[in-house]
Every structure is written in C-alpha cells, then in structure tokens.
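Q: Hey, can you walk me through this structure? I'd like to start inside and then look at where the chains meet.

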Amino acid sequence: MTRKQKRFAVILGGLAFLGAATGLTFYALGQKASYFYMPADLASADVQPGQRIRLGGLVEDGTIVRGADASVSFAVTDHESSVKVSYKGVLPDLFREGQGVITEGSFGADGMFIADSVLAKHDERYMPKEVAEGLKEKGVWVESEGD
Amino acid sequence: MIEIGHFALVLAFALALVQATVPLVGTRIGDERMMASAGTVAVACFALTALSFAVLASAYALSDFSVANVWENSHSLKPMLYKITGTWGNHEGSMLLWVLILTFFGSLVAVFGGNLPASLKANVLAVQGMIGAVFLLFVLITSNPFVRLDPAPIEGRDLNPVLQDIGLAVHPPLLYLGYVGFSVCFSFAVAALIDGRIDAAWARWVRPWTLVAWVFLTGGIAMGSYWAYYELGWGGFWFWDPVENASFMPWLSGTALLHSAIVMEKRSALKIWTLLLSILTFSLSLLGTFLVRSGVLTSVHAFASDPSRGVFILCILVLFIGGSLALFALRASALTPGGLFQPISREGALVLNNLFLTTATATILVGTLYPLVVEAFSQDKISVGAPFFNLTFAPLMVPLLILVPFGPLLAWKRGDALAAAQRLMAAFALALLAVLITYLFIDGASVLAALGAGLGFWLIFGALTDLAVKSGAGSASLATMAKRFAGLPRSMFGTALAHLGLGLTVLGIVGTLGFGAEKILAMRPGETVEIADHTLRFDGIYPVRGPNYTESRGRFYLLDAAGNPKAEISSAKRLFPVRQTTTTEAGIRTMGFSQLYISLGDETTDGGTVVRIWWKPLVTLIWGGALVMMLGGAMSLADRRLRVGAPGRRRKPAEAATAGAT
C-alpha cells in the first residue's frame, strides 16, 4: 500500500469505529431509556406490560401491606388515580405514607406494577424532583416543606 | 470575625482580576516586571482564599450559629470531625473549597514554574487568574457563605446525616484536587494558543500536571464509590448516576490526555490533539461542576438549589468552553503539527487508546445529557440509567482492555505486533488458565464471568510481562535482569503498576457481579441463614445512643462449622432527631478480599426484621486496584525526567542508555 492508501485506510477505520459507536449509542438510548409517569398519565400513555418505566407519586395512606417475608405492597397516587405496586427488598429509610417516591420496574400481566427499586427523598427537605414537579403541575402539592 | 473571611475573599477576587490581566498585558508589550508579577499575585490570591476558608472552618468548629451557613448545616452536638468537614458539606462551602483548590494550583505553578519561559508562565497564570476571578465572583454573588443571622439562633439545623461520615473528609477534597487540577492543563493549553506556539517546555509540563490531577481524581472517584457502597446500604459500588458520570467523564478524558501527552513528550507528535484534550478535560470538569452544583439533577450532592446559580455556572461554562474552543479554532491551524508514525507502533497504540477513551467519554456524555435535552424540548421525563451505560460502555472497554498489554511492548515509530504477541504468550497462557480454573472449579461460574476473570488476569500478567521484558527476560542472566530491573525508569514502573491496578479493579468488578450472592429475607432473633458457605445467626435488635442520633443495631454472628460464633457483625439504622432522618449503617465483614454485607430493613408484622445480605467476592479489589493505579501515577510523577525542578539534564545520557536497551 502506498502512504496515501494507508492513511485512507486508517481514517476509514476510525470513521467506521465512530459510526459503530454512534449507532450503538442511539440504539441503546431507544431501548434502555426509561420514561417517567405519574399514575394519572398512564391512562393516556401506551405502556406495555414488561416495558421498563419509572412510576412516581405519593405513597397512598393506609395502603402499605407488608408480607410475611420481605415483600411489601403499596399504592402510588397523584390524587387522581393510583397504581398498586409490589416490591421485594429493603425499603429506603424515608419510605413513609404520604411521602413522594419513585419506583422503577414494569407492569405485570395482571396490572400490578412490579418494582425492582424504590427511591424516596434523600432527607426531609427534598422530594424527588420529577414527583414534585408532577404534583405541582396537577396542583396537588404546593411548596411548603421547602423551608 | 467571619467578616474577615468575607473581606479576604473580596480581596482575593480583586487580586485574581489583577492576575488575569496584568501578566497578559506584560507579555503583549514585553514588560518583564508585569509578567513576573503573576507569580506573586497568584500566591497572595491563594493565601487570601485560604484565610477566608480558614475563617469559615473555624466558624464551623466553634458552632457560630450567627453565620447562616453554619446554622443551616451544623449542630453543636456533632462530633468535631464532622463539624469541620461540614464546612464543605453544603453548596457555599463546597464552592469555596473549589476556589481554594484552584488558587492553590495557581500558586503551585507560580512556585514550581521557575524553569518555565517567562511569557508562558505569565500566560498560564493569567488564564488561571481568569478562572479564579469568575469563580470567586460566583461565590461572592450567588453563594456567599459569610452571611450573618440576627438574632443568632441557639441551635443549628444539623448536617445531612448521610454526610456525617469520614468519607466527607476525604472524598470532596480529593475529587476537587482532581477536577480542578485539570485547570492547570487547560491554562497551559490556552496559554499556548494565546502565544500561538507549542514549545518543548509546554510538552514537558503538561504531563506532570495531568498526572497530579489524574492521581487525585482516581482517588476521589474510588473514595466516593466506596462511600456510596457502605453508606447507602444498597450494596452497589457504581450506579451510573449522573453525578458519578460527571466525575467519570473528566477521568476518562484525563486518562486519554495522560497517554497522548506521552506521545507529545517523547515523539513531539499529537500536539494539537493533546492541546484539544487538555481543553476538553477541564471543560468536562466544569460541566461536572455545573451538573452537580446547579440543581438540574436531584442527588445527595445537590444541596438546596437556586436557579440563579445554575444560570451563572452555565454562563461560566459557555465563557470558558466556548472561548477556549473558539481560540482553538482560530489558532490551531497556525501550530506546527507533529511527526508522523506507523499505525503499528507505540504512538499508534496510544492513539487507539485515545480513540476508545474519548468515544467512551462521548457515550457517557450523551447518556448523561440526553434526559436534560429531552426534558427541555418536550414534556417527557426520561431517565438513562445502568442498562444504557452497560450496553454502550462495556463493548467499548473490553477491546481496549484486551489491547492494553500490547501498548507498552510496542516500539516507538515502528512496532512489531507479532513480537509483542510472542512476548505476551506466557501472560496469555496464564490468563487462559485462570479462565479454565474459574470455569471448572467455581460453582455457578458462567462462561462470561470466567472470561471476565481471565481479562483481569490478562491485564495483571501483561503488566508484569512488560516489566520482565524491559529487564531483559529471556536474553539476560538473572543477575543482569535484577540489576536492570532496579535501574528501570520510575515511569516504567508507573505504567506497569497503573495497568496492574486496572486489572485488579476489573477482577474486583467481575468477582462481585459474576460470583456474588444476595438474599432478601425476614429474620427473627435466633434464626440462621446460609449464604455462599457462610452461616449467619441473627441475634436481635438493640438500641444504642450516639452523640446526635439513636440507633437500632441489629447484631449478627458469623458461625463456624460447629455452630459457634466466630465474629460479630452489626448493621444498624440511625435516627437523627434534628432532621428526622434515618440512615443505614451497613454491617460489613471483610474476609480476604471479599466482603459479607448486611443491610437492615423494616420490621415485619410477625416480629421479624427484613434483612438483605450480600456475599461480595473480591469486592475490595475494585478500590484496591484504584489505589494501585494511584500509586502507579505517583511513581510516574517521581520519575527524574518529570520531577519538577530536578536537575534532569545531566542524568539524561544514562537514562537514554537504559531506555535504548529495552
């Protein structure tokens, strides 16, 4: 190969590599990004069973049911509608009735949301950002806990 | 008292303005005294910022609640260590620490830059002064920690309990030393662009500064990872959280910079690329500061958010990244490009390393910013988490890791891939053996996990091969080898150690993810559970009082074969009454390189307690490997040729002889 051909091959190889990386990135974004919903959004959204989403809202009062083993079920509400969630594992320290949570997982065939992670507020001052914004939009929650 | 700190900070800002302008004018008009003023001003600027920081820290130590910042983030009952570390456990204090470290690096350049050409030194310090001025202004305008309260409250509101940990003493300072350390590389790059030339001094100076920043950033990230691991009680060591990514991106591009700087130093090639990488790495540090400090992300790191801060940092971001890249676009073509080389050569290998590392940085950047972009243009709120990063980052890293051992064995200019492969035969055989042993003798080992373990060993043996080959293995006698080994330049040990550390980290990750075990169950006192050949007995929950918290401590006993307790592990939940916050104190027992990890959950209706137990094989190697990498970096920094101010010239011929022999 001449010098020119060699250089061309190197540049071509580099571009192919970058192209592959870009393709993979966008494929992964399409496949793996998970959308955030509040319970009332689900009526209009097309969420398939098994599709990974994040579901946020407040833990509805009186819905926390602890099973005999480490499993627990509760309902997440935005005061318009609510969704039943089941979870097995250690709940975050600030998981309480009436508190904002974000759960991540997917719907089972029976309409129950099966969460594999549950996030609550970091401390008493903050609420998960998406939940706070979602509730504000719906006019359910006003910023009072802030200070 | 506190006003002294405020005043000192205003003075530091004024000095930073002087530092940003006077030397620059000096280089234009050729005034040597104006150029030389940069050093003195930089040191004074650091001294004033340090005074300001010390004043704030003492207000924390004395629990002076008349200072709003102290009142919001401290409490008189807090242990002294957390009172002091609480200084930077909040937005204002942490930005002050940021600026303190920035001015510290400026003064380092001033003190150790004696052998720099005068105009380069003046320009570097001027750019450093510009960054300092803007960030000092940011602290003074939007994040002033010196605001008084009148009347002074009697008691403070306490520090977020998650931050009341030794980790806060170590993680942020280390991380900032890394983040901000790259500002020196940035200043050197912009100074070169202002001057319109890259001289030999530039090339020699960029690598040690990159090394310093890289060593600290490695430590900061590793420490942050270990802190999250034991404090959050989730048992994970990396969550692909945007805030983690914010620190990981400068690390990746800093690693690329470290490698391209070698090419520039040794072969004076890749000059323009190295310059661009210097700019990009610090830009990513700034981006990280923006992501973490502006409150666009929710995380433990986002303290109270205030939109004006976000806009301010965004302006800083546009100013420095945009400005430096524009300067680059204008001036880069005027710079003389470096030498050419063959694709198969040490330079070629390092270019490949850069290609992989920068692409990986770009993927993480896309994944981190994508949710923000989507949210800005639509109502959709999405999150890009571990599944995305695992799918994109891993395929980029695996080939890079496979290629790592080849790099150091290739010669400069024109390498021989076949010869390198032959030299690596032994390492390859050992790695293959590790794969087979793992697959055949460890229960439940998947092919993938076994191959992963092999990859870790490949890196480790590859690094050792490099040292053996350079000591003359195969051709020289054992005595000669030992002699040559002792005489190898420290930078060679540095390379080998850093690559070996990388292998250890890979091994730790593979061990934890591939061979770990996890159990979630409800346990009642007296019950036992088996996990990965270990038997644990739950003894019950006991109340314990701490200085500013109460604790429900679950006591577990690790049982030996006969059923007798051989070790106690306690895992607790702590309630901090001031903030009505609980934290999880995971119970961790280290056995060899592995750990048993117990996290306590809520009580169940029938008198049990939810317990989550992990067996994490080799998990400590993840951070141990990072320590070895840091050691490698420090070793490289201690190399005579890099040592700042060392009489390098006279020793050069002797070293060139050793290097030539390899």
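Predicted model: local features only at pLDDT ≥ 70, side-chain atom pairs only at ≥ 80, totals over all residues.

Q: OK, and which residues touch the most other members of the largest nonpolar core?
A: Cys185(B) and Phe188(B) do, in a core of 215 residues.

Q: Which helix gives the largest share of this core?
A: Helix α7 of chain B, residues 166–195, with 17 residues.

Q: Switching topic: how does the domain assignment of chain B go?
A: Domain 1 is 1–164, and domain 2 comes in pieces: 172–179, 196–317 and 330–403. Domain 3 is 413–515 plus 622–661, while domain 4 is 517–616.

Q: How far apart are the C-alpha centres of domain 2 and domain 4 of chain B?
A: They lie 38 Å apart.

Q: Now the contact: how many residues does it take from each chain?
A: Chain B puts in 39 residues and chain A puts in 32.

Q: And what gives the most on the chain B side?
A: That's α13(B), with 6 residues.

Q: Which strands pair up between the chains?
A: Strand β1 of chain A, residues 34–37, pairs with β1(B) in the antiparallel sense, over 2 bridges. Within that pairing, Ser34(A) has Ser383(B) as its bridge partner.

How values were computed
Residues numbered from 1 in each chain as written. Chains lettered and ligands numbered in written order. Core = buried A, V, L, I, M, F, W, Y, C linked by C-beta atoms within 7 Å. Buried ≥ 20, exposed ≤ 12 C-beta atoms within 10 Å, placed from the backbone. Helix = DSSP H or I, 4+ residues; strand = E, 2+ residues; numbered from the N terminus. Domains from an automatic or database assignment. Contact = placed C-beta atoms within 7 Å. Pairing = 2+ DSSP bridges.
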